[in-house]
Amino acid sequence: MNNNIIAAVLVAALGAVALPASAEVVVIVSQKNPASRMFSEQASQFFLGKSNLFTPVDLPESSAVRAEFYKKVADKDTAQVKALWSKLVFTGKATAPKEYASAAEVKKAVAADPKAIGYIEKSAVDDTVKVILTLP
């Protein structure tokens with residue numbers, strides 16, 4: 001068997017394992033943030049650059065949780081979100097959310113900044129952050 005074919009099969013198999021069937025995604029803020037709950041429409045405003053009341057933080061573009069979050073909160077795929085942010089950044093209307101490599105890093109950034117807002121899998125939540133929205 002050709003090495004390229006073997007590599008492609010391994011990548012496909014590993015990709016399938018890495019994608020959760022349907023993770024429960026939650027929106028989180030710092031324990032110091034006074035917000036206690038939020039609607040999906042409100043969360044989408046922050047993550048699509050339509051409001052600067054909160055500072056959004058993102059998981060990497062390749063993250064399955066990120067794809068699921070944007071699909072659930074804004075009915076957009078990652079390419080649509082990237083295009084939207086590119087336009088906002090290019091026109092000087094907004095600064096794209098900072099990306100963090102893992103849920104642990106998102107939690108740490110959100111816990112440290114009362115204005116930050118992020119999203120992670122519900123299973124990664126601990127007492128350093130507060131859940132203000134659960135996406136079914």
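Reply: Lys 72 lies in helix H3, where a helix is a DSSP run of H or I with at least four residues, numbered from the N terminus. The model is predicted, so local features need pLDDT of at least 70 and side-chain atom pairs count only at pLDDT 80 or more, while totals for chains, interfaces and linings use all residues. Residues are numbered from 1 along each chain as its sequence is written, and side-chain values use heavy atoms, with hydrogens and water left out.

Me: Why is Lys 72 called partly exposed?

Reply: Its relative accessible area is 27%. Buried means under 20% and exposed over 50%, with partly exposed in between (1.4 Å probe, protein chains only). Lys 72, at 27%, is therefore partly exposed.

Me: What makes the link between the side chains of Lys 72 and Glu 68 a polar contact?

Reply: The link is 2.7 Å. A polar contact is a pair of N or O atoms within 3.5 Å; within protein, one must be able to donate a hydrogen and the other to accept it, and residues adjacent in sequence count only if both atoms are side-chain atoms. The pair of Lys 72 and Glu 68 is accordingly listed as a polar contact.

Me: Why does Ser 44 count as buried?

Reply: Ser 44, in helix H2, has 10% relative accessibility and therefore counts as buried. Leaving aside neighbours within four places in sequence, Ser 44 is in contact (heavy atoms within 4.5 Å) with Val 73 and Ala 74.

Me: Which residues of H4 are buried?

Reply: In H4, Val 81, Trp 85 and Leu 88 are buried. They cover an arc of only 60° around the axis, taken from the directions from the helix axis to the C-beta atoms, which puts them on the same side of H4.

Conventions: Helices (H or I, at least four residues) and strands (E, at least two) are DSSP runs, numbered from the N terminus.
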